[in-house]
Amino acid sequence: MEKTFHITTFGCQMNEHDSEIMAGMLLERGYRQVSERRQAKVAIINTCSVRENADKRFFGTLGQLKRRKMAEPDFTVCVCGCMMQQQHIIDTIKTKYPWVDVIFGTHNISHFPELLEHVIQEKTKQIEILEDGRTDDGELPSRRMYQCKALVNIMYGCNNFCTYCIVPYTRGREHSRSPEHIREEVEKLVKDGVREVMLLGQNVNSYRGVSEDGSTWSFARLILFLAEIDGLERIRFMTSHPKDLSDELIDVFRSCDKLCKNIHLPVQSGSTEIMQRMNRHYTRESYMDTVRRLRKAVPDITMSTDIIVGFPGETEEQFQDTLSLVEEVRYDSAFTFLYSVRTGTPAASYGEQIPEEVKHERFNRLVDLVNRISAEKNAKYKGRVERVLVEGPSKRNSKTLCGRTDGFKLVNFEGSREMIGTFVNVEITEGKTFSLEGRVVEE
């Protein structure tokens, strides 16, 4: 069999990094990654269970593969990720998609090559789901999406149990990697040309890694430890929980030049009552106090957020609280979602589910507001010169390049491919709703 594979990834950066690891393991075993699924003899679908739309896209993609599987018995279909940690999903696949060859979860990615080889050699299906016990990903090979930046897991799982979220049930409880293992991984990445790392965790603020001397480290201390690495120029992180954002971390934003002046701070709702029903452990007032403390320490910090529209019981007045909070904070961008029932979460059994037409009408109002503010903020960048890490060709136009500012603004500009992986100075010529346009200037 030709050893080619293609990975389709749904979901967050954690899923993206899992896909990088799977690609790295297969490449190490002589497989070749292809850009289109139709060219691959092995199709891998890495799933997300956070939103209903991701579920629908997954099953739609799976359905599309049936005809090919029937025509090519040696075409191998593998499914993995968060959805596979839910028994009702596995039961659905067994019943409606029995031709799927490999099913595995989030805790046993390191076993994937062996599961795949067993299917290919023995022609028998493989299902392996572990409840917990994920190994340290730093020991596994990885095929990065970008040569100049990398995703680095610093912890796994979540202890927060927000009432709408399935993640604690699919990713397990929090487990932090040791600071020494994280630094060792980052040092190797820097030697391989990486200039920026994104530290990943469901809630990085609650990082509590145990050092070799037995001491427990905070997230802020870990950042300072990594900032000592020569050649590493930028540190980012995703995602942070407002209830755990400490004064110590805010001080690091102020003092550490390598920590990018950008933060993703999910609010989910502007109503304290809805926050409480979501089990978010903060109020509107405490959230706004955190925003003020961040902006006092770093006036130019850019900020993004997550917002859920139509949580069970949300009134028009409570939705207006969300709109007014967005107006007050003035986020640079926001990920906005319609509430969707997640089987197994407390909110799934809540009464007062909001009608779909009401959710969509509110969602449209919120998106209009978010986009207006984003466009207004981006327009103010015109004439500024920003230091940009060049990531590669723009997705919108392959003839131009794109990169990110320190504040995570996406910038499109003309330039040579030799610039990829380097820092350039770009004068902003136009601010659009979702990106900036610019031209390279000499230092």
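This is a predicted model: local features need pLDDT of at least 70, side-chain atom pairs count only at pLDDT 80 or more; totals for chains, interfaces and linings use all residues.
View 1. A search through the whole structure turns up four cavities of 30 Å³ or more.

**View 2. An open space with a charged lining: the second largest pocket.** Here we move to the second largest pocket, which holds about 320 Å³ of space. Its lining counts 17 residues, and D300, I301, T302, Y381 and R384 are the ones that lie nearest the centre. By class, eleven of the lining residues are charged, while three are nonpolar and three are polar.

**View 3. The largest nonpolar core, with 59 residues.** Nonpolar side chains in soluble globular proteins tend to be buried together. In this core, the residues with the most contacts inside it are L199, F219, F237 and Y287. Helix α7, spanning residues 219-227, gives the core its largest share, seven residues.

**View 4. Y287 and its contacts.** Zoom in on Y287, one of the residues with the most contacts inside the largest nonpolar core. Setting aside neighbours within four places in sequence, Y287 touches P242, L265, P266, V267, Y282, T305, L325, V329 and Y331.

**View 5. Strand β10 and its two parallel partners.** Strand β10 covers residues 196-200, and five of its five residues are buried. E196, M198 and L200 point one way from the strand, V197 and L199 point the other way, and all are buried. Strand β7 (residues 149-153) pairs with β10 in the parallel sense over five bridges, and V152 has L199 as its bridge partner there. β10 also pairs in the parallel sense with strand β13 (residues 234-238), again over five bridges. In that pairing, L200 has M238 as its bridge partner.

View 6. T239 itself is in the loop between β13 and α8 (247-255).

**View 7. Strand β17 and its antiparallel partners.** Strand β17 (residues 385-393) runs antiparallel to strand β20 (residues 423-431), and five bridges join the two. R387 stands opposite N425 of β20. β17 is also joined to strand β18 (residues 401-404) by four bridges, again antiparallel. On this side, P393 stands opposite L401.

**View 8. Two residues with positive phi, F161 and Q268.** F161 isn't a glycine, yet its phi is positive, at about 55 degrees. You'll find F161 in the loop between β8 (155-156) and α5 (167-171). Q268 is also a residue other than glycine with a positive phi, near 70 degrees, and Q268 sits in the loop between β14 (262-264) and α9 (272-277). Is each one buried or partly exposed? F161 has a relative accessible area of 29%, so F161 counts as partly exposed. Q268 has a relative accessible area of 4%, under the 20% cut-off, so Q268 counts as buried.

Conventions:
Residues are numbered from 1 along each chain as its sequence is written. Side-chain values use heavy atoms; hydrogens and water are left out. A nonpolar core is a set of buried Ala, Val, Leu, Ile, Met, Phe, Trp, Tyr and Cys residues joined through side-chain atoms within 4.5 Å. Buried means under 20% relative accessible area, exposed over 50%, partly exposed in between (1.4 Å probe, protein chains only). Contact means heavy atoms within 4.5 Å. On a 1 Å grid over the protein atoms alone, a cavity is a set of points where a 1.4 Å probe fits but cannot get out, and a pocket is an open set with protein on both sides within 12 Å along at least five of seven lines; lining residues have an atom within 4 Å of a point. Grid points are joined across faces, edges and corners, and a volume is the space filled by probe spheres set on the points. Ala, Val, Leu, Ile, Met, Phe, Trp, Tyr, Cys and Pro count as nonpolar, Asp, Glu, Lys and Arg as charged, and the others, Gly among them, as polar. Two strands pair if DSSP finds at least two bridges between them.
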